[in-house]
Amino acid sequence: MSVTANNLCRDEFFYGHKACAGCGGSLAVRNALKVLGKNAVAVLPAGCMSAVGFNFPQLCFANNAIISTFAGTASMLTGIEAGFRARGIKDFTAVGFAGDGGTADIGIQALSGAIDRNDNILYICYDNEAYMNTGIQKSGLTPFGAKTTTTPAGKNIHGNIRPKKNMFEIAAAHNIPYAATATVGYMTDFLNKVEKASKIKGTKYIHVIAPCPTGWGIPVSDTVEISREIVDCGLWYLAEYENGEFTLDHDPKEFTSVSDHLKKQGRFRHLTDEDIQIIIQSRDAKWEKIRRDWRK
Amino acid sequence: MKPYLREKTSFSFAEVPSDTSFEAGYLVSKNAGWRSIRPVIDIEKCVGCMQCYLYCPDGVISIENNKAVIDYDFCKGCGICKKICKINAIEMEAEKK
Ligand SMILES: Cc1ncc(C[n+]2csc(CCOP(=O)(O)OP(=O)(O)O)c2C)c(N)n1
Ligand code: SF4
Ligand SMILES: [Mg+2]
């Protein structure tokens, strides 16, 4: 049975946290835990979700949850899974919630190692496209053109000059049992991927776009709308990797305007028409490959 | 099951655990003071479709008797619920000082 708002567990496992109003990361963590239930053991590395969830004595997880080192999400998941197994406990899910910096930059080695060993863990990267908790620095998942404190927009250089790393395909390239992309804007798609991943043995990786109003320069009420638009305009895609094959889950007939989408966000407002053309061209090149090579 | 506000809200230094473990879901402060606007549900209009519940980052909306109910102790007033509600059953109102 697929996960819907109606059959989603009514318990709340991430409550009273201190995330900014409208935080996409907290929405991803909250609902993923509702799918996994009270036996989820969550690992949160340094980053916004640990910073807003554990402020002793305000401890906002109802299930077992622990902060890991910034680089060590996956290795701590490995240890938790092994420890529970050694104690004969079977009914649990070791789940990690790491940011884009914690995943694509500093934590990539531990993640790669865990996938290589095929440890039975679920790794969820909530991607807000910068190091938000330390004040919006560029990460390997910051998209081209985005303004951050370390990629400022000036007269000559218009924000980040590098494209976003493709973590989904990097995870898939390990021949991982299951990997998927999602966005908090299409919540039931995300939650069904979490549910599916929780039933697969071995390493699972889910990459969920989770807008940060503070870092993206959007109104706090627009998180969901923006994270739908990013899929609708083709700058993100909903896909899965399983049994060595990529599958595209949603193929938009027509893309909505990239320019309109970007201009709603403070971090992109400086972009010129030429910059936006570069973004559109790279989108089109990617979709040409997706439509040619992936199953639909 | 959900983290909830406790009676004991302050700890002396000696009581702070020296290892990293403590009771899960232990809340000592509300988030209500963050709000400048609050969502108000029009009970007549609400059809209990659960979309506001599904998309609330703070999990403060529950559905009781097929109607949305807000926990104002923890609502931060982001307004995502108002935007998501297709039938406009939610209005944002200014918080009184
Ligand atoms: C080894 C180490 N380096 C740096 C930091 C400082 N630090 C804490 S959170 C953070 C940013 C995390 O960014 P990301 O993983 O994208 O998560 P977000 O805060 O955006 O949710 C940094 C750099 C740290 N805690 N540990
Ligand atoms: S800075 Fe961004 S990611 Fe961090 S809590 Fe605020 S909205 Fe969430
Ligand atoms: Mg981040």
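**Ligand shell**

Helices here are DSSP runs of H or I with at least four residues, numbered from the N terminus. I kept in mind that this is a predicted model, where local features need pLDDT of at least 70, side-chain atom pairs count only at pLDDT 80 or more, and totals for chains, interfaces and linings use all residues. Residues are numbered from 1 along each chain as its sequence is written.

**Polar contacts**

I then checked polar contacts, meaning pairs of N or O atoms within 3.5 Å. A side-chain N or O atom of Tyr126(A) is 2.7 Å from an oxygen atom of ligand 1. For Gly101(A), a polar backbone atom is 2.9 Å from a ligand 1 oxygen, and for Met132(A) a backbone N or O atom lies 2.9 Å from one. Taken alone, ligand 1 exposes 590 Å² (Shrake-Rupley, 1.4 Å probe), and the protein buries 71% of that.

**Cores**

Which residues touch the most other members of the largest nonpolar core? I found Phe97(A), Ile124(A) and Phe190(A), out of 69 residues. A core joins buried nonpolar residues (under 20% relative accessible area, 1.4 Å probe, protein chains only) through side-chain atoms within 4.5 Å. Helix H1 (residues 24-36) of chain A supplies the largest share of this core, seven residues. I also noted a second, separate core of 32 residues, with Trp287(A) and Tyr205(A) among them.

Note on methods: Chains are lettered from A and ligands numbered from 1 in the order in which they are written. Side-chain values use heavy atoms; hydrogens and water are left out. A polar contact is a pair of N or O atoms within 3.5 Å; within protein, one must be able to donate a hydrogen and the other to accept it, and residues adjacent in sequence count only if both atoms are side-chain atoms. Buried means under 20% relative accessible area, exposed over 50%, partly exposed in between (1.4 Å probe, protein chains only). Helices (H or I, at least four residues) and strands (E, at least two) are DSSP runs, numbered from the N terminus.
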